[in-house]
Amino acid sequence: MIECQLKINLEGFTLDAKFSVPDQGITVIFGPSGSGKTTLLRAIAGLEKGDSGFLKVGDSIWQTDDNFVPTHKRQIGYVFQDAGLFDHLDVSGNLNYVKKRKTGLKKVFIDSIYTLLDIESLLNRRIGQLSGGEKQRVAIARALLTNPKILLLDEPLSALDLKRKNEILPYLDSLHNQLEIPILYVTHSQDETSRLADHIMLIEDGKIIGNGPINEMLTSFEMPLSHSGDAISIFEARVISRDTDFNLMHLEFNGGQFIVPDNALPIDSLVRIRVAARDVSITKKKQSDTSILNIFPAVVEEIVPEGNAQVIVRLTLNGVVLLACLTRKSSASLKLDKGSSVFVQVKSVAILN
Amino acid sequence: MLSETDISAISVTIKLALLSTAILIAIGTPLAWWLSQTKFKFKVVFEAIIALPLILPPTVLGFYLLMTLGSNSPLAGFLEYFGGGSIAFTFSGLVVGSVIYSLPFVVQPLQNSFSAVRIESLEVAATLGASNIDRFFTVAVPLARSGFITAAVLGFAHTVGEFGVVLMIGGNIPGETSVLSIAIYDHVEAMEYSQAHLLAGGLLVASFVMLIFVYLFNRHFSLVRSRDW
């Protein structure tokens, strides 16, 4: 568990963050530019010092009202936005910088980090010879060598073009799957959030306005993310079988089975599915003569207007929450109301890994 | 050929320049670091004081040094109390004068290259477990190395080239405080132009070589850093 209550006054800006997040998985700190995401991360690292506060990561207390552990004594891994590699040293020099200061690192541990980020072949390169994606990999490896209790990533992909982003995302997936420490990941990208987050912490004007599991944060009408034509729902499913005749695969989730184009994922693998609210339509009776394959029974939980002409409907499919974006007219003619039993038709889904 | 007094002037000069440069780097480094990092409101006052030797006539500086360090000064009395005495007209006096006179030539390049060290680099080092002093020596100093080369060479060359201050505070005592620039002046006074040529020409070539070295190093350095592909 990470418990944090930090207040920091900077010129013209106040960060007042009180939250706790679980000590596993990726928590994405999401918010617009200037909302205080980076300041929060810096405060956790001890790079910004507030007047008062409390910070506890695992069993280490890093800050209380009368005790402030300086950055170099906190067991953190911090990856800066532009990687922050020392360019007076080469790649091994950058990594050795940590090894010289942390004694007793086991070779197995070091090797596992090198393998995880695939940097063995980069060791003799100069920093200027690395691509943006390679720099980030080296920076993440360097941060992990400190054997941190928490990994802080400050928009690690924001300086990269799409190609480089796609190059490094699989490495972030493996961090996600293999690391046992909590990761705080700052971003303002919805794509990165939906692919990587287990939890989302929403920050606005220096205040935490919401904090919880990803789909809860995406679909709760208390949260701003659901009030948009771009609203999405995210949930997990498992590959259970494939249909070789039509080159499709079947994904099972609590609400039923999705049929999607086969992307060669092995049977039993877990996948993360993203459904855009725009791609969900609602019928009262189950349609049979339709091209849409993914139709599930659902119950309407809540309806809120979105703009003048549209509504966003939150539905549950046997416990799984899904958003649909409809016109107000459709909602009225279907007489949708809280508790209505309906069928949802999902026109398309995205598989995120 | 070089006379014995010429050779002793050269050796005094080199000794003076080496010692002054070492002291200048030792004093200038923390001073330049402080100036590059501080948000102190009156920092500009310190910058102005350090820059004073750039514009003051060396004789003015030498005069005040003489007043401060001479045998009738309170400082000399203070030193005498501890078994010392006036350091005017001694080699130590020359060193003190040179250090003050050449301070801006060392502090300014150091301050510039320290200012160019991004704070982020130091913060990165902190997150990797490096303490304040550790960060300074393993990140700030290596990143500012071109500043150190420039500072050392300028400090050395400027000390070699000084005239007014050393004349005022040193008094041209052969083997003790008689330096190269004064030796040249003496030769010219005595109309020994060939010997003046020899010393002046040697100084010219040496200064040129030193500057070439600085520019080459800094160019090589910036090329290495900016190469990117």
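Is A:His199 buried or exposed, and at what relative accessibility? At 18% relative accessibility, A:His199 counts as buried, where buried means under 20% relative accessible area, exposed means over 50%, and partly exposed lies in between (1.4 Å probe, protein chains only). The views below come from a predicted model, in which local features need pLDDT of at least 70 and side-chain atom pairs count only at pLDDT 80 or more, while totals for chains, interfaces and linings use all residues. Residues are numbered from 1 along each chain as its sequence is written, chains are lettered from A and ligands numbered from 1 in the order in which they are written, and side-chain values use heavy atoms, with hydrogens and water left out.

View 1. When residues up to four places away in sequence are not counted, A:His199 touches A:Pro22, A:Ile26, A:Thr27, A:Val28, A:Gly212, A:Pro213 and A:Ile214, contact being defined as heavy atoms within 4.5 Å.

**View 2. The largest nonpolar core, with A:Phe19 among its residues with the most contacts.** A nonpolar core is a set of buried Ala, Val, Leu, Ile, Met, Phe, Trp, Tyr and Cys residues joined through side-chain atoms within 4.5 Å. The largest one has 121 residues, and those with the most contacts inside it are A:Phe19, A:Leu40, A:Leu151, A:Leu152, A:Leu172 and A:Ile200. Helix H5 of chain B (residues 91-116) gives the most to this core, with 10 residues. Apart from its neighbours within four places in sequence, A:Phe19 is in contact with A:Ile2, A:Glu3, A:Cys4, A:Leu40, A:Ile44, A:Met201, A:Ile208 and A:Asn211. A second, separate core of 29 residues includes A:Val280, A:Phe296, A:Val313 and A:Val344.

**View 3. The interface of chain A and chain B, with 23 residues from each of the two chains.** The area buried between chain A and chain B is about 2,100 Å², of which carbon and sulfur atoms give 55%; buried area is the accessible area (1.4 Å probe) that two parts lose on being put together, summed over both. Across this interface the rule finds 3 salt bridges, a salt bridge being a side-chain nitrogen of Lys or Arg within 4 Å of a carboxyl oxygen of Asp or Glu. Strand E7 (76-79), helix H2 (91-101) and helix H4 (132-145) of chain A each supply at least two residues of the side of chain A that touches chain B, and H2(A) gives the most to that side, with 3 residues.

**View 4. A network of salt bridges that links A:Arg42, A:Glu48 and B:Glu123.** The side chains of A:Arg42 and B:Glu123 meet in a salt bridge (2.7 Å, N to O), and those of A:Glu48 and A:Arg42 meet in another (2.9 Å, N to O). Both A:Glu48 and A:Arg42 are buried.

**View 5. Helix H6 of chain B, residues 119-127, a mostly covered helix.** In H6(B), 8 of its 9 residues are buried, among them B:Glu120, B:Leu122, B:Glu123 and B:Val124. The buried residues of H6(B) pack against helix H1 (37-45), E7, H2 and H4 of chain A, together with helix H1 (4-37) and helix H7 (132-143) of chain B. H6(B) is followed by B:Gly129, whose phi is positive, near 100°.

**View 6. The salt bridge of A:Asp59 with A:Lys149.** The closest N and O atoms of A:Asp59 and A:Lys149 are 4.0 Å apart. The pair links distant parts of the chain, 90 residues apart, with A:Asp59 in the loop between strand E4 (52-57) and strand E5 (60-64) of chain A and A:Lys149 in the loop between H4 and strand E8 (150-154) of chain A. A:Asp59 counts as exposed at 66% relative accessibility, whereas A:Lys149 is partly exposed, with a relative accessible area of 29%.

**View 7. B:His187 in helix H10 of chain B, residues 180-189.** B:His187 is buried, with a relative accessible area of 7%. Leaving aside neighbours within four places in sequence, B:His187 is in contact with B:Asp6, B:Glu192, B:Gln195, B:Ala196 and B:Leu199.

How values were computed:
Helix = DSSP H or I, 4+ residues; strand = E, 2+ residues; numbered from the N terminus.
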